[in-house]
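Good morning, and thank you for making time for this short talk.

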Amino acid sequence: MADPGYLAFYIATGLLLGTFYGLATVGLSFTFGILKILNSGHGSFIMIGAYVSYWSFVILGLPPLVSALLAFLIGFMLGLGLYYGIVSRILGGPELISLVLMFAMGILLQEFAKFVWTPTIRGFTWDLGRVSLFGYAYPTTRIVGGVVSAVIALGLYIFLYRTKVGRAIRSVVESAEGATLCGVNVNRIYAISLAIALGLTIASGGLATLYVSGGIEPYMGDPYTTRAFAIAVLGGLTSPFGAFIAGLLFGVIENLSYVLLSLTNVANPFSMTRFIAFAMILVVLLVRPQGIMRR
Amino acid sequence: MSEELLKLQEISKSFGGIRALKNVSLTISIGERLAIIGPNGAGKTTLFNVINGVYKPDTGRVFFANVDVTDLPAFKRTRMGMARAFQIPRPFPTMSVLDNVMVSALFAGKFKSVGEARERADEVLELVGLANKKHELAVNLTSPEKKLLELARALAPKPKLLLLDEIVAGIPPAEVDRIMLLVRNVSEKENIAVVALVEHVMRVLKYVERVIFLHEGRVLMDDKPEKVLSSETVKNIYLGRIYD
C-alpha cells in the first residue's frame, strides 16, 4: 500500500480519465462562455457520441479515435442546425428559456436513442494491449485516448489564440457589443461556437467508450451532466482551458478518493467515490469561488 | 471635398411615447469634421445609434457612401467604413491591447491575414501613443488610455467616417487637446469624416468646421461654429445652462 508505484498508477489513470472529463466539459464551458447558455442536456450529447462510436465500431469497424472525427462532424452540423433553427430565436430572452430548451433537447435525444436503438445496454471492446510502467499495466487505448484528448484541447487553444476566427470568438466572449463595433458578425460567431461546442461534446462521448466499454445506453449521459457541471464550475465556468485542467484534477480526485476509500473499509468505494469528489469540489469552491483558473 | 458621404433623410425614431428624433435630415461630406451639440436628452445618442445601425429608424432612410444602409446591421456598416468610439469604452478587458485592435483591423478592415492585421494594429497604436502598452491587458489601462484604445480600435480598419461619442468627456483638458489634435491629423491625412458628439462644445470647438445643434429631437441649427454659438436660440437653450 505504501508502494509509490501504486499511488502513481492511480494518479496516472486519474489523469487519463481526466483528459476525457476535461474534453467532455470544454464544450459546456464554451457554450456558457460565449452564448451564455447552460447546456442542461449536456450528457445526452455525450451519449449520442458513445453510440456513434459503438455503431462505427460494430458496423464499419472504425476504432473510436477515428469515429470521434465523425462524431465531431455530426455534432458540428447538429450545432449549426440547432443554432439557426432554434437558439438564434431565443437569444436575449430570459435565461430560463435556454435552460429549458437544452433540457428538452437532452430528453429528446434520450428518447430518440431509446426509440431507434432500444434501451439495450451495449458495449464493445477495443483492445490494443497494455503498456507496463513501474510494474503497473495501463491499457494502451486509454493512453492513446488521453493523448488525443490533450492534442484536441491544445488544438482548440491554438485555434482561439492564433487564428482570425479564434480572435473573433474571444472578442465576443469579452463583449458582444464591442465585437459588433469591430465588424464581427456576432450571430455567425454564435453559430460556429455552438457547432464547435457540440462537436467537441459528441466527440468526447465517442472517447467515453474507452472508459465505459460496457455501458452504452440511452440514459448513460446523466452522470456526465452532473460531473461536467461540477468540473465547469471548478474551471471557472467560462474558460474552456480551465475546464480541461479542472477535468484532469477531477479525474485524479475521483481516483484517489477511490484509493482512500479502499484503504478504510468503511464504505463501498464504488458508491462513495463520486460523493467524495463532489465534496472536495465544494471545499475548493469555498476557498476559490471564482474557480481554479481565474486570476 | 464636398462629395457626400452620409445622408440622413427625414429620420424619426420613438421609444414608447417619447419621440427621440423628429424628421432629422442632414448630410455629411467626405473628410468633413463636425460636432453635434445639444443638451442632455436632445437625441444625440439616438442619432448616432441610427447612423451606425444599433437602431433602425421608424421612418426615413440612411445612406452611406451612396448605399442605402437603413436595413443593414451594425457590423456590416462597420465593414463599410463606419467607426464608432464610445463615451464609455467597450474594450475586450482580458485581451491584450494589441489583440483588441487586431480584431477590429481583421473584421472591420481590409486586413485579411493575422500578420497584416498585426502590422496595422502596431501602426495605429504607435499613432495614438499606446505602443508601449500593447501587451498589457485592456482592463489594466487607465481611463484616458482606454479612450485612446477605443480610438485606435476605431481607426484600425481605416474608416471613412469616425463617430466620436463623447470621447473627451471625463478626461483632463490637456488630454482632450491631445486626442482632438490626433483626430484632426488623422482625419486630414486619411480623409476621414469626423462627427463628434459633445455636450460641452467649447472643448472641441477649434477642431471642427461645422456644428449641428440638436434640441428635442430636431436639428435647430446647422452652420459654422461661430454662427451657431452666437445664435440667440442656442444661447438661450444651451449655452445659458453651461455658463449660468
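This is a predicted model: local features need pLDDT of at least 70, side-chain atom pairs count only at pLDDT 80 or more; totals for chains, interfaces and linings use all residues.

Residues are numbered from 1 along each chain as its sequence is written, and chains are lettered from A and ligands numbered from 1 in the order in which they are written.

Back to B:E216, which sits in the loop between β9 (210-215) and β10 (218-223) of chain B; here helices (H or I, at least four residues) and strands (E, at least two) are DSSP runs, numbered from the N terminus. Although B:E216 is not a glycine, its phi is positive, at about 50°. B:A65, which is not a glycine either, has a positive phi of about 50°, and that residue belongs to the loop between β4 (59-64) and β5 (67-68) of chain B. B:A65 is partly exposed, because it has 16 C-beta neighbours inside 10 Å.

Next, please find B:S29, which is part of strand β2 (residues 18-29) of chain B. Is B:S29 buried or partly exposed? It is partly exposed, because there are 15 C-beta neighbours inside 10 Å. Its C-alpha atom is separated by 7.0 Å from that of B:A193, a residue 164 places away along the chain.

For a contrasting case, look at B:F48 in helix α1 (residues 44-52) of chain B, which counts as buried because it has 20 C-beta neighbours inside 10 Å. Which residues does B:F48 contact, leaving aside its neighbours within four places in sequence? They are B:R84, B:L163, B:D165 and B:L197, where contact requires that the C-beta atoms of two residues, placed from the backbone, lie within 7 Å. By comparison, B:F48 and B:K76 are 28 residues apart along the chain, and their C-alpha atoms are separated by 16 Å.

Let us now step back to the domains of chain B, whose bounds come from an automatic or database domain assignment. That assignment gives domain 1 (4-81 + 159-243) and domain 2 (90-158), and the C-alpha centres of these two domains of chain B lie 24 Å apart. The contact between them takes 12 residues from domain 1 of chain B and 11 residues from domain 2 of chain B. On the domain 1 side, the elements that give two or more residues are α2 (74-80) and α6 (173-190) of chain B, and the largest share, 5 residues, comes from α6(B).

I would also like to show you a pair of helices. Two packed helices are described by the angle between their axes and the distance between the axes. In chain B, the axes of helix α3 (residues 97-107) and helix α4 (residues 114-128) come within 8 Å and cross at roughly 120°; these axes are lines fitted to C-alpha atoms, for helices over the stretch in contact, and angles run from 0 to 180 degrees between N-to-C directions. The residues that make this contact include B:V101 and B:L106 of α3(B), and B:A121 and B:V124 of α4(B).

Finally, we turn to chain A. In helix α9 (residues 222-234) of chain A, the 13 residues should span 18 Å at 1.5 Å a residue, and the end C-alpha atoms are 19 Å apart, which agrees; the expected span is 1.5 Å times one less than the number of residues. Among the buried residues of α9(A) are A:Y224, A:R227 and A:I231. After α9(A) comes A:G236, with a positive phi near 95°. Helix α10 (residues 240-264) of chain A has 25 residues that should span 36 Å, and its end C-alpha atoms are 36 Å apart, which agrees. Just after α10(A), A:N265 takes a positive phi of about 65°.

Methods:
A residue is buried if 20 or more other C-beta atoms lie within 10 Å of its own, exposed if 12 or fewer, and partly exposed in between; C-beta atoms are placed from the backbone.
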